[in-house]
Amino acid sequence: MNYLLDTHALIWYFEDSINMPVKIAKLIDSPTHHKLISVATLWEIAIKSKQR
């Protein structure tokens with residue numbers, strides 16, 4: 001199955017945040033699913049990283 005990850009899910013996953021539901025983290029870790037990231041997500045992360 002294909003999953004489009006939103007910005008929060010992607011950030012929380014890579015930061016190993018407590019906000020990331022365990023079920024979603026396992027889904028992202030699963031090699032049987034295709035994970036997609038929008039160009040808009042990358043743009044939003046770039047904006048957020050400049051604000052820190």
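Helices here are DSSP runs of H or I with at least four residues, strands are DSSP runs of E with at least two, and both are numbered from the N terminus. With that settled, let's start at the end of one helix. α1 is followed by D16, whose phi is positive, near 50°.

Two ground rules. This is a predicted model, so local features need pLDDT of at least 70, side-chain atom pairs count only at pLDDT 80 or more, and totals for chains, interfaces and linings use all residues. Residues are numbered from 1 along each chain as its sequence is written, and side-chain values use heavy atoms, with hydrogens and water left out.

Back to D16. It sits in the loop between α1 and α2. Its phi is positive, and yet D16 is not a glycine. Why point that out? Because most residues other than glycine have a negative phi. Next, is D16 buried or exposed? Buried means under 20% relative accessible area, exposed means over 50%, and partly exposed is in between, using a 1.4 Å probe and protein chains only. D16 has 68% relative accessibility, so it counts as exposed.

Now the whole chain. It has three helices and two strands. Read along the sequence, the pattern is β-α-α-β-α. The C-alpha trace spans about 35 × 25 × 10 Å along its principal axes. There are 52 residues, and 23% of them count as buried. A contact means heavy atoms within 4.5 Å. Take the contacts between residues at least 6 apart in sequence: 69% of them join residues at least 24 apart.

On to the core. A nonpolar core is a set of buried Ala, Val, Leu, Ile, Met, Phe, Trp, Tyr and Cys residues joined through side-chain atoms within 4.5 Å. Which residues form the largest one? There are six: L5, A9, L10, M20, A25 and I28. In soluble globular proteins, nonpolar side chains tend to be buried together. Look at M20. Setting aside residues up to four places away in sequence, M20 touches A9, W12, Y13, A25 and I28.

Next, α1 itself. T7, A9, L10 and I11 are buried there. The buried residues of α1 pack against β1 (2–5), β2 (34–37) and α3.

How do α1 and α3 pack? α3 covers residues 39–50, the angle to α1 is about 60°, and the axes are 9 Å apart. Axes are lines fitted to C-alpha atoms, for helices over the stretch in contact, and angles run from 0 to 180 degrees between N-to-C directions. That angle makes α1 oblique to α3. For reference, under 35 degrees is roughly parallel, over 145 roughly antiparallel, 65 to 115 roughly perpendicular, and the rest oblique.

Who makes the contact? From α1, T7, L10 and I11; from α3, T41, E44, I45 and K48.

T41 is in helix α3. T41 is buried, with a relative accessible area of 5%. Leaving aside neighbours within four places in sequence, T41 is in contact with L5, D6, T7 and L10.

I45 is also in helix α3. I45 is partly exposed, at a relative accessible area of 26%. Beyond neighbours within four places in sequence, I45 is in contact with T7, L10 and I11. I45 and L10 are 35 residues apart along the chain, and their C-alpha atoms are separated by 9.3 Å.
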